[in-house]
Amino acid sequence: MTPTVCQVKHDPPNTYGDCLRACICTVLDLDPPAVPHFVRDNPDSDTLIARLRTYLAGRSMQPMWVMFGGSQSDVLDHMGEINGTVTYLLFNDKHVVVCKGGKVEHDPAWDARPMSEPANGIWKVMVL
């Protein structure tokens, strides 16, 4: 796993950050040009998931999604206890980071700082 930082600044409506691409590059050890910028045009969630599925299917992979309520530490604690060796992506409303077990392994943001709680209270975990 080679940490990759974002290549595109999050500056809506001019540009939308590519933290998802950076996280996928990190987990799959790929260079950014090899992975699409999935949110380049601020798609709705159905379009984003379709793009992810299409890209990953081309690599013989499928994402698995799990939703969690509670705080970020609740999610990390649970994942650490139940899936201590699993690498996954943790999403809030606006950002995504790479985690393994009970900790954040890599934040691709240029100005990495703690993630905010999701507005709807639901964290999303994606396992590749």
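Buried means under 20% relative accessible area, exposed means over 50%, and partly exposed lies in between, with a 1.4 Å probe and protein chains only. This is a predicted model, where local features need pLDDT of at least 70, side-chain atom pairs count only at pLDDT 80 or more, and totals for chains, interfaces and linings use all residues. Residues are numbered from 1 along each chain as its sequence is written, and side-chain values use heavy atoms, leaving out hydrogens and water.

Start with helix 1. Helices (H or I, at least four residues) and strands (E, at least two) are DSSP runs, numbered from the N terminus. Helix 1 covers residues 19-28, and nine of its ten residues are buried, so the rest of the structure largely encloses it. Among the buried ones are Cys 19, Leu 20, Arg 21 and Leu 28. Their cover includes helix 2 (45-57), strand 2 (87-91), strand 3 (96-100) and strand 4 (103-106). After helix 1 comes Asp 29, with a positive phi near 55 degrees.

Now look at the rings. Rings of Phe, Tyr and Trp (its six-membered ring) pair if their centres lie within 6.5 Å; planes under 30 degrees apart are stacked, over 60 edge-to-face, and the rest tilted. The structure holds two aromatic pairs. Phe 38 and Tyr 55 pair edge-to-face, 5.7 Å centre to centre, with 75 degrees between the planes. Phe 38 sits in the loop between helix 1 and helix 2, and Tyr 55 in helix 2, 17 residues apart. Both Phe 38 and Tyr 55 are buried.

The rings of Trp 65 and Phe 91 have centres 5.2 Å apart and planes at 45 degrees, so this pair is tilted. Trp 65 lies in strand 1 (residues 64-68) and Phe 91 in strand 2, 26 residues apart. Trp 65 is partly exposed at 22% relative accessible area, whereas Phe 91 is buried at 9%.

Note on methods:
Contact = heavy atoms within 4.5 Å.
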